[in-house]
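Visitor: I am new to this structure and would like a short tour. Could you show it to me?

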Amino acid sequence: MDVFKIQGGRRLKGKITVSGAKNSAVALIPASILADSSVTIGGIPEISDAWTLKALLEEIGGEVTFEDGKMTIDPSKMVAMPLPNGNVKKLRASYYMMGAMLGRFKQAVIGLPGGCFLGPRPIDQHIKGFEALGAKVTNEHGAIYLRADELIGAKIYLDVASVGATINIMLAAVRAKGKTTIENAAKEPEIIDVATLLTNMGANIKGAGTSVIRIEGVDELKGTKHTIIPDRIEAATFMIMAAAIGDGVVIDNVIPLHLEAVTAKLREMGVIVEENEESLYIPKQTNLQAVDVKTLVYPGFPTDVQQPLSVLMTQAEGASMITDTIYSARFKHIDELSRMSAKARVEGNTAIIQGPVSLEGSAVTATDLRAGAALVLAGLIAKGETEIHEIHHIERGYSSLIEKLCALGANIRKESSVIKTNNKA
Ligand SMILES: CC(=O)N[C@H]1[C@@H](OP(=O)(O)OP(=O)(O)OC[C@H]2O[C@@H](n3ccc(=O)[nH]c3=O)[C@H](O)[C@@H]2O)O[C@H](CO)[C@@H](O)[C@@H]1O
Ligand SMILES: C=C(OP(=O)(O)O)C(=O)O
């Protein structure tokens with residue numbers, strides 16, 4: 001099994017470039033299924049989720065190339081092959097194969113998705129949407145079976161403003177007959193990105209990025225070219241790293257508007273954030289102050305940044321509180337941070353973190369993607385060596401992380417860890 005080894009205490013300085021957004025990429029790639037000819041997407045991050053989706057599209061007959069961040073998908077020979085197991089279990093966003101295949105083939109068999117375990121992650125709102133469009137949906141032995149004679153536009157009110165359900169219903173509805181309205185839709189920037197691709201393919205979508213999305217179905221969608229938006233969660237991770245251990249870091253390829261909640265909270269902690277059109281500059285920081293944070297749907301503070309921010313809180317003066325209203329159990333990293341001498345505890349859906357403390361290097365486990373990012377940051381700050389296990393979680397969402405951090409002066413490398421066995425045989 002591979003591990004990350006970090007020698008902590010090295011200051012970071014220079015420029016780091018943000019990759020394309022994971023949560024856009026994982027929806028844009030399945031969206032290509034709906035076209036009748038090739039779709040090319042630029043800026044796809046080199047993350048395992050993108051490679052897994054490429055493999056899934058190939059399993060159903062897609063011809064896909066992925067080189068230098070450019071993915072070209074020819075969907076013309078795809079068929080409605082069932083995908084009950086295997087790659088679908090490796091990532092959360094395999095659920096987008098449901099909406100896209102239902103939209104194109106009026107049928108799909110897709111295993112329940114994997115991805116980060118953050119507490120229960122139901123997909124009832126996705127299914128409610130598919131059923132409203134006329135699909136019969138059953139769950140058989142851990143796979144979702146979807147079938148429709150035809151899809152007919154409908155009015156769908158989401159009980160929770162779910163990112164996945166909003167995008168999945170858009171995917172299923174763009175080729176349905178008539179009008180679909182999604183009310184209480186999620187407003188994340190990645191939803192606008194997917195709507196932009198679909199619109200360029202010929203779809204008729206209004207209101208993406210607001211809480212009401214209106215779709216007028218079309219008979220067919222054509223191939224197109226698209227460039228993905230920058231990853232606001234990766235950017236936020238780098239902002240936090242720069243605030244914790246930077247000697248002046250430029251974070252390039254960002255949309256500052258997408259980061260407003262993060263920037264505001266960092267400023268409240270005393271961090272100086274200079275905004276330019278497509279980049280941010282964070283000078284060396286002193287005197288970080290404790291803050292209270294609550295995660296919310298966009299444009300609120302993102303849950304995906306909660307775990308990295310909690311590490312910065314260990315360096316701030318006073319007691320900080322961070323409440324996750326989206327995923328109440330997203331705190332597995334706190335136990336790992338405690339191994340590194342953090343003073344933190346969890347009460348319900350809130351972590352209480354006392355700072356400043358001197359973190360100590362240790363062997364820790366990335367229990368999920370952003371827990372992994374948090375531990376990388378903790379390792380960069382800590383005295384001595386930190387060894388992070390289960391890094392496959394981190395590789396689902398951070399492209400070339402080692403290379404990017406080493407270029408800023410970090411001492412981090414990937415190694416194969418030798419499992420010691422009692423070899424008596
Ligand atoms: C691949 C991807 O884009 N992942 C992101 C997406 O996940 P994902 O799309 O899975 O998250 P959702 O926005 O759907 O979930 C938000 C909340 O709604 C609940 N819910 C969701 C769907 C449903 O049918 N029923 C239901 O109750 C969830 O349990 C959660 O409490 O948005 C999350 C919230 O910003 C992010 O943390 C993830 O990084
Ligand atoms: C939770 C995340 O990802 P996923 O939904 O793909 O598991 C994340 O990106 O932080």
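Guide: What follows concerns an annotated residue, a helix and a pair of helices in this predicted model.

Visitor: Which residue does UniProt list for "active site"?

Guide: The UniProt record, an unreviewed entry, gives Cys-116.

Visitor: Where is the place of Cys-116?

Guide: Cys-116 lies in the loop between strand S6 (107–111) and helix H4.

Visitor: Is Cys-116 buried or exposed?

Guide: Cys-116 has 21 other C-beta atoms within 10 Å. The cut-off for a buried residue is 20 or more, so Cys-116 counts as buried.

Visitor: And which residues is Cys-116 in contact with, leaving aside neighbours within four places in sequence?

Guide: These are Arg-92, Asp-368, Leu-369 and His-393.

Visitor: Now another topic: how many residues of helix H1 are buried?

Guide: Ten of the ten residues of H1 (residues 22–31) are buried, so this helix is largely enclosed by the rest of the structure. Among them are Lys-22, Asn-23, Leu-28 and Pro-30.

Visitor: Back to H4, then. At what angle do H4 and H5 pack?

Guide: H4 (residues 124–132) and H5 (residues 163–173) pack at about 25°, and their axes are 8 Å apart. That angle makes H4 roughly parallel to H5. Their crossing is right-handed.

Visitor: Which residues make the contact?

Guide: H4 contributes Gln-125, His-126, Gly-129 and Phe-130, while H5 contributes Gly-164, Ala-165, Asn-168, Ile-169 and Ala-172.

Definitions and conventions. Residues are numbered from 1 along each chain as its sequence is written. Chains are lettered from A and ligands numbered from 1 in the order in which they are written. This is a predicted model: local features need pLDDT of at least 70, side-chain atom pairs count only at pLDDT 80 or more; totals for chains, interfaces and linings use all residues. Axes are lines fitted to C-alpha atoms, for helices over the stretch in contact, and angles run from 0 to 180 degrees between N-to-C directions. Helices (H or I, at least four residues) and strands (E, at least two) are DSSP runs, numbered from the N terminus. Angles under 35 degrees count as roughly parallel, over 145 as roughly antiparallel, 65 to 115 as roughly perpendicular and the rest as oblique. A crossing is left-handed if the near helix is turned anticlockwise from the far one by less than a right angle, and right-handed if clockwise. Two residues are in contact if their C-beta atoms, placed from the backbone, lie within 7 Å. UniProt positions are given in the numbering used here, feature names are shortened, and annotations may be inferred rather than shown by experiment. A residue is buried if 20 or more other C-beta atoms lie within 10 Å of its own, exposed if 12 or fewer, and partly exposed in between; C-beta atoms are placed from the backbone.
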